[in-house]
Amino acid sequence: MSDAPQPIEQSTEWWELAAHQAEIADVHLRELFAADPTRGDRLNIEVGDLYVDYAKHRLSDETLTKLFALARRADVEGLRDAMWAGEHINVTEDRAVLHIALRAPKGVVFTDEGHDVVPDVHEVLDRMASFSNRVRSGEWVGHTGKRIRTVINIGIGGSDLGPRMAHEALLPYAQENIDVRFVSNVDGTEFYELTHDLDPAETLFIIASKTFTTLETMTNAHSARDWALASLGDDAAIAKHFVAVSTNATEVEKFGIDTDNMFGFWDWVGGRYSYDSAIGLSLMIAIGPENFTEMLEGFRLVDEHFRTAPMEQNLPFILGLIGVWYNNFFGAQTLAVLPYSHYLAHLTPYLQQLAMESNGKSTDRWGRTVGTQTGEIVWGQPGTNGQHAYYQLIHQGTKLIPADFIGLVSPAHEVGGHQDIFMANFFAQPEALAFGRTAEQVRADGVPEAQVAARTFAGNHPTTSIMVPELSPKVLGQLIATYEHKTFVQGAVWGIDSFDQWGVELGKKLAQAIIPELTADAAPALGHDSSTSALIRRYRKGRGRA
């Protein structure tokens with residue numbers, strides 16, 4: 001504890017931001033734009049294919065200067081450089097944090113404990129590519145000689161959300177004669193719905209579990225094994241219909257999977273940062289190794305920008321600090337992520353895990369209880385559906401909800417004039433949120449006086465607009481890397497470890513103890529609180545148990 005720095009909320013930079021917020025809190029975006037006609041031309045940044053407009057935020061040049069000073073006080077740049085150097089910045093698990101090595105080109109060096117990990121990464125990528133090409137071409141066949149028509153990824157958390165999101169985002173790039181599905185929930189109905197119409201002889205399962213002991217994943221994996229063998233009959237069929245993404249060769253082999261078809265990853269990769277590793281095998285099978293490599297290039301482009309660009313022109317720094325501004329100085333608790341693309345339907349759930357598992361912490365890196373709010377609550381769904389659901393609350397409710405809008409210039413499929421109508425909403429909503437509509441404007445439209453108050457929009461709701469030319473593999477990589485590094489910046493400012501996830505463990509541990517209490521023939525002695533015990537007894541009664 002003697003080496004622990006001063007808590008960030010006790011710093012001069014924090015106090016100066018708090019005082020500045022009091023000065024700017026009542027300044028309307030209408031005033032900020034009126035005072036600076038060039039604001040929309042200045043407050044934007046272009047990185048690769050991403051054009052990001054942050055002019056519609058309740059901040060000034062002075063705000064940004066003070067936010068950058070706060071980041072320097074927190075030594076965010078130093079922690080970033082320590083990550084690149086392979087230092088063990090995941091302090092509670094004493095691990096390096098090197099997901100950036102997953103997209104490094106051959107010849108670049110990233111070290112963990114003095115060992116260059118990049119050759120290991122490319123060895124796995126090459127094996128993934130070889131296997132994917134065999135499945136895609138029909139060279140890899142099932143136990144009965146039929147080619148594989150369906151690939152099912154079984155995982156949970158980072159082993160599901162990442163590849164699922166990316167597969168849906170890049171569906172236009174997927175090979176049409178291979179259907180890729182995802183099973184994650186231990187609710188057996190999901191497994192049933194995703195397998196009951198399939199032929200086991202044409203189905204390949206990818207079991208994604210680092211330890212090969214994750215309860216939910218292995219429950220589904222054993223159900224998949226039983227399902228396949230009920231039709232195929234021969235235990236030898238497992239080796240042709242199951243592959244593993246894991247590091248536990250003993251358990252993989254015990255399951256019946258040929259360890260030659262086991263694709264590894266490493267302790268320095270957190271699950272929510274892993275879909276560009278072997279966890280993305282299902283995605284590579286779907287879109288092909290070439291498109292997967294293009295996606296890695298997109299990640300790498302933003303990685304290099306984050307590593308080298310000055311803070312004031314650094315996209316993840318800007319977005320991360322804007323989030324800190326609202327979270328800690330305006331009391332905003334959520335961030336709405338609103339992609340205007342059907343193919344980004346699973347982006348928000350993916351970002352929920354990225355942000356909330358990374359930064360949902362109440363203890364800092366030095367073991368102290370944090371003295372300020374951490375962690376944005378991320379939510380949302382694609383427009384324009386959300387406009388007919390919760391935009392009402394954002395526009396006229398009493399809560400401050402910053403929002404990220406993500407839009408495409410060109411869709412994968414042009415249908416009539418849909419895209420222009422779609423994007424008109426993308427442009428209109430942030431404008432309406434920023435500037436609202438005054439009572440005078442409402443009256444000028446001839447609205448009856450009795451309705452004027454209800455039809456007045458306060459405005460002054462902050463938004464970021466991210467526009468890309470298209471949703472290509474390279475663009476997706478750039479987009480995800482931006483949010484990864486934004487999350488890093490926020491965690492570094494708050495002084496927390498963004499790379500552990502101990503909060504996931506307690507409920508899982510308790511569930512393991514409860515399972516035998518639910519399944520025992522005789523009524524077990526229950527040592528829970530009275531509420532939990534009553535619920536267990538009611539469940540057992542409903543299942544016809546004592």
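How many aromatic pairs does a search of the whole structure find? The search finds 27 aromatic pairs. Rings of Phe, Tyr and Trp (its six-membered ring) count as a pair if their centres lie within 6.5 Å, and planes under 30 degrees apart are called stacked, over 60 edge-to-face, and the rest tilted. The model discussed here is predicted, so local features need pLDDT of at least 70 and side-chain atom pairs count only at pLDDT 80 or more, whereas totals for chains, interfaces and linings use all residues. Residues are numbered from 1 along each chain as its sequence is written, and side-chain values use heavy atoms, with hydrogens and water left out.

A pair of aromatic rings is described by the distance of the centres and the angle of the planes. The centres of the rings of Phe205 and Trp227 are 5.8 Å apart and their planes stand at 85°, so this pair is edge-to-face. The pair links distant parts of the chain, 22 residues apart: Phe205 belongs to strand β7 (residues 203-208) and Trp227 to helix α9 (residues 215-232). Helices (H or I, at least four residues) and strands (E, at least two) are DSSP runs, numbered from the N terminus. Phe205 is buried, with a relative accessible area of 1%, and Trp227, at 19%, also counts as buried. Here buried means under 20% relative accessible area, exposed over 50%, and partly exposed in between, for a 1.4 Å probe and protein chains only.

Elsewhere, one aromatic cluster is formed by Tyr340, Trp379, Tyr390, Tyr391, Phe405, Phe422, Phe426 and Phe427. Aromatic rings also meet charged groups: Arg39 lies over the face of Phe33, at 5.4 Å from the ring centre, and Arg80 lies over the face of Phe306, at 5.9 Å. A charge sits over a ring if NZ of Lys or CZ of Arg is within 6 Å of the ring centre and within 35 degrees of the ring normal.

The largest pocket has a volume of about 1,000 Å³. On a 1 Å grid over the protein atoms alone, a pocket is an open set of points with protein on both sides within 12 Å along at least five of seven lines, a cavity is a set where a 1.4 Å probe fits but cannot get out, and lining residues have an atom within 4 Å of a point. Grid points are joined across faces, edges and corners, and a volume is the space filled by probe spheres set on the points. Of the 40 residues that line the largest pocket, Thr214, Gln501, Val504, Glu505 and Lys508 lie nearest its centre. Helix α21 gives the largest share of this lining, 5 residues.

The 15 residues of helix α21 (residues 505-519) should span 21 Å at 1.5 Å a residue, and the end C-alpha atoms are 22 Å apart, which agrees. The expected span is 1.5 Å times one less than the number of residues. Helix α21 bends by about 30° at Ala513, and Pro516 follows within four residues. The bend is the angle between axes fitted to the seven residues ending at a residue and the seven starting there.

Finally, the backbone deserves attention. Most residues other than glycine have a negative phi, and most peptide bonds are trans. Phe212 has a positive phi of about 60° although it is not a glycine; Phe212 is in the loop between β7 and α9 and is buried, at 3% relative accessible area. The peptide bond from Gly383 to Thr384 is cis, with omega near 5°.
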